[in-house]
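Hi,

Here is the model we talked about, with the sequence alongside.

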Amino acid sequence: MLGAGITLVILALIRAEGAGRSVPWSRVGLGVVLLACFVAWERDYGRRKGTPLVDLRLLHYRPYAIGSVIGVVYFAGYTGLVFVLSLYFQQGLGYSALAAGAAGAPFSIGSAASAALSGRVTYRFGRPLVVAGTLTVVLALVAVGLLIRLDDGAWMWAVLAGPLLIAGAGSGMVIGPNLTLALQHVPPAQGGTAAAVLQTGQRLGSVFGLAVVASSFLGALATSHRDFSLAAERGVFASITLVGAALLAAVADMLGSTCGRRRTPPHPQDARRTVDETPPQHLGRTD
């Protein structure tokens, strides 16, 4: 049911890539029904036997549920961006495959450097780190989409190098820290399943995002009589929309956590636990 539902939705989006084609909503509807049946089956199977393929009880942990949403939506925008830029550099500007890869390298360089640094401060800053990363990606990609309209030909790699480097730096602040924050409150016995489900969700997000962004890019390319600059701009802004949805989810989680800490009074048991865990020598000095 999961595979069939995803396939129907993706095929419907792919069919809409060409000019003048409408989305076959009947396939989308059938795919959504199958996905809903899959969720219902997993929930019922978990109640009866306790070992479903996807343990939906993991979504009861708020950080995990929010992290899963952010991961799925962010990977949808991230994967589509790489696809669009690759086609734009090769088919639109005539770059070789090697040159197109080199032109997109600043994004990877920024992501690698940022990931190494942000992994060390994830627990210190928490969700605001992910918010800052997604906001950085959105702003940098807006610059990429606007600069593409300049259509500067052979020197476009230099024009886009700076914004792509900044976008990569923001991406490094999102992927790893979001995974860490999503799993930190999951019980160790469920850690393997939780990580696997989260990774699978990210891959499914990549598939959906690639279909959506590719449809935007190829549809604009067909209707504009192969104006690659316009098509790339449309594809980049489709990616921005998806990354922006991840930003909204991260901001909502950050604000919700802040309000929760302000409104929730300390529990007496928490106070007792704090005293019990105080080192004995400290208690001795206090007495």
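Helix α5 (residues 105-118) packs against helix α8 (residues 156-172) at an angle of about 30 degrees, and their axes lie 6 Å apart. The crossing of α5 and α8 is right-handed. On the α5 side, the contact is made by P106, F107, I109, G110, S111, S114, A115 and S118, and α8 brings A161, L164, L165, A167, G168, A169, S171 and G172. By class, this contact has 9 nonpolar and 7 polar residues, with no charged ones. Please keep in mind that this is a predicted model.

The other pair I looked at is helix α3 (residues 62-92) with helix α9 (residues 175-183): the angle is about 155 degrees and the axes are 7 Å apart. From α3, the residues P63, Y64, G67, I70, G71, Y74 and F75 meet I175, N178, L181, A182 and L183 of α9. Here the classes come to 9 nonpolar, 3 polar and no charged residues.

Now to α9 itself. Which of its residues are buried? They are P177, N178, L181 and A182. These residues cover an arc of only 130 degrees around the axis, so they sit on the same side of α9. As for what covers them, the list includes α3, α5, α6 (122-125), α7 (127-148), α8 and α10 (191-223).

Happy to go through any of this with you.

Best wishes

Technical notes: Residues numbered from 1 in each chain as written. Predicted model: local features only at pLDDT ≥ 70, side-chain atom pairs only at ≥ 80, totals over all residues. Heavy atoms only, no water. Axes fitted to C-alpha atoms, helices over the stretch in contact; angles between N-to-C directions. Helix = DSSP H or I, 4+ residues; strand = E, 2+ residues; numbered from the N terminus. Left-handed = near helix turned anticlockwise from the far one by under 90°. Contact = heavy atoms within 4.5 Å. Nonpolar A, V, L, I, M, F, W, Y, C, P; charged D, E, K, R; others polar. Buried < 20%, exposed > 50% of the residue type's maximum accessible area, 1.4 Å probe, protein only. Arc of directions from axis to C-beta.
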